[in-house]
Amino acid sequence: FVACDLPTLRSIVADLRSCCGDVRLQRLTRSAPDDRRTLLFVDRTAFTDRQYEVLRTAHEMGYFAQPKEADSADVAAALDISVPTFSEHLSVAQEKLLEQLLAV
């Protein structure tokens with residue numbers, strides 16, 4: 001979530017801890033007022049678990065690196081799926097990611 005200032009964030013975390021116990025702040029990002037247009041929040045629930053796994057694995061293996069560190073056969077083998085299945089999952093995941101990125 002986005003909090004308008006640090007005191008508000010502290011208050012929210014304290015409230016959550018009082019009712020939920022173990023609450024941790026995983027990431028804190030500060031942005032300038034004019035950064036609102038550049039912030040992008042990706043809805044990870046838009047992806048199936050498999051689509052996200054394929055996207056993450058491809059990235060981790062360097063599939064998107066220039067020059068490529070892995071090709072589609074390498075990533076498909078790591079995921080224990082066929083190259084066409086890898087390509088299909090990756091294509092759908094990329095489309096969902098681009099829809100979110102370009103809709104801003």
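**View 1. Cysteine 19 counts as exposed because its relative accessibility is 60%.** Exposed means over 50% relative accessible area, buried under 20%, and partly exposed in between (1.4 Å probe, protein chains only). This is a predicted model, where local features need pLDDT of at least 70, side-chain atom pairs count only at pLDDT 80 or more, and totals for chains, interfaces and linings use all residues. Residues are numbered from 1 along each chain as its sequence is written, and side-chain values use heavy atoms, leaving out hydrogens and water. The closest cysteine sulfur to that of cysteine 19 belongs to cysteine 20, at 3.2 Å, too far for a bond. With a disulfide taken as a pair of cysteine sulfur atoms within 2.5 Å, the count is 0.

**View 2. Here is the largest nonpolar core, with 13 residues.** Such a core joins buried Ala, Val, Leu, Ile, Met, Phe, Trp, Tyr and Cys residues through side-chain atoms within 4.5 Å. Val54, Tyr63 and Phe86 are among those with the most contacts inside it. Two or more residues each come from helix H2 (49-60), H3 and helix H4 (83-102); helices are DSSP runs (H or I, at least four residues), numbered from the N terminus. Isoleucine 81 touches Arg50, Val54, Ala76, Phe86 and His89, setting aside residues up to four places away in sequence; contact means heavy atoms within 4.5 Å.

**View 3. Glutamine 100 sits in helix H4.** At 18% relative accessibility, glutamine 100 counts as buried. A polar atom of its side chain lies 2.6 Å from the backbone nitrogen of aspartate 43. Beyond four places in sequence, glutamine 100 contacts Leu40, Phe41, Val42, Asp43, Ala46 and Phe47.

Terms used:
Polar contact = N/O pair within 3.5 Å; in protein donor to acceptor, adjacent residues only side chain to side chain.
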